[in-house]
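Reader: I would like to learn how to read strands, sheets and ring contacts in a model. Where do we start?

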Amino acid sequence: GMRKGRRKLNQAGMSLMELIVAILIMGILSVGGGVGMAYATRMNASGAAEKLASMLEKARVMTLSSSGTVALELVCEDGNYYAKLMQNGVEAEKEKLGNSALTITVKNDAGGTVDISTSDCSFSYNKSNGAFAAGCDYTSVVIEGSQTKVIHLVTATGRCYSN
């Protein structure tokens with residue numbers, strides 16, 4: 001009678017070997033999750049750069065095709081970065097670029113920088129040729145996450161490219 005009871009109890013639990021295997025599997029999964037997280041935060045810099053580049057181009061095209069005033073504002077609200085497309089002073093479109101894991105700085109041709117987390121930045125275009133407007137002397141936007149993406153702004157054409 002005694003022996004039979006003990007065996008049943010043992011089957012209900014886990015053997016040491018099963019426990020080791022389970023811990024190993026959990027370890028492997030958690031490492032995979034960590035790699036996934038690092039990849040996601042690395043993606044956020046390039047994702048933000050792509051979104052910003054397309055919003056800049058959209059603002060440029062809108063300036064050339066519409067009669068009113070168009071500007072693209074880079075702002076930080078509630079710890080998130082946004083690109084806001086303003087048309088005649090009204091928000092026409094708002095694209096979230098990323099959260100506070102990113103650092104976004106805009107450089108101008110005098111070598112100065114604007115940190116978007118503390119101050120906004122506005123881009124506008126020349127209606128006649130699509131070049132950046134006279135007061136818009138920015139040369140690049142640097143987006144830093146776990147990698148760095150730079151959007152280069154070409155003053156004469158109003159176009160941008162990233163690397």
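Author: We start with pairing: two strands count as paired if DSSP finds at least two bridges between them. Keep in mind that this model is predicted. In β8, the bridge partner of Glu144 is Thr148.

Reader: How many bridges join β7 to β8?

Author: Five bridges join β7 to strand β8 (residues 148-154), and the two run antiparallel.

Reader: Which strand does β4 pair with, and through how many bridges?

Author: Strand β4 (residues 103-108) is joined to β7 by six bridges, again with antiparallel strands.

Reader: Why can β7 be called largely enclosed?

Author: Burial is read residue by residue, with under 20% relative accessible area as the cut-off. Five of the seven residues of β7 are buried, so the rest of the structure largely encloses this strand.

Reader: In what order do the strands of the open sheet lie?

Author: The order is β3-β2-β1-β6, four strands with antiparallel pairing. At the edges are β3 (90-99) and β6, each of which pairs on one side only. From one strand to the next, the twist averages 20°.

Reader: How many bridges join β1 to β2?

Author: Eight bridges join β1 (residues 70-77) to β2 (residues 80-87). Among the residues involved, Glu73 has Lys84 in β2 as its bridge partner. As for side chains, in a regular strand they alternate between the two faces of the sheet.

Reader: Now the rings. How many aromatic pairs are there?

Author: Ring centres must lie within 6.5 Å to count as a pair. The model has two aromatic pairs by that rule. Phe123 and Tyr138 are edge-to-face, because their centres are 5.3 Å apart and their planes stand at 65°. Phe123 belongs to β6 (residues 121-124) and Tyr138 to β7 (residues 138-144), so this pair ties together parts that are 15 residues apart in sequence. Phe123 and Tyr138 are both buried.

Reader: What is the geometry of the pair formed by Tyr125 and Phe132?

Author: Tyr125 and Phe132 are stacked, at 4.8 Å centre to centre with 25° between the planes. Both of these residues, Tyr125 and Phe132, are buried.

Reader: Which ring does the charged end of Lys94 sit over?

Author: The charged end of Lys94 sits over the ring of Tyr82, at 4.4 Å from the ring centre.

Methods
Residues are numbered from 1 along each chain as its sequence is written. This is a predicted model: local features need pLDDT of at least 70, side-chain atom pairs count only at pLDDT 80 or more; totals for chains, interfaces and linings use all residues. Side-chain values use heavy atoms; hydrogens and water are left out. Rings of Phe, Tyr and Trp (its six-membered ring) pair if their centres lie within 6.5 Å; planes under 30 degrees apart count as stacked, over 60 as edge-to-face and the rest as tilted. Buried means under 20% relative accessible area, exposed over 50%, partly exposed in between (1.4 Å probe, protein chains only). A charge sits over a ring if NZ of Lys or CZ of Arg is within 6 Å of the ring centre and within 35 degrees of the ring normal. Axes are lines fitted to C-alpha atoms, for helices over the stretch in contact, and angles run from 0 to 180 degrees between N-to-C directions.
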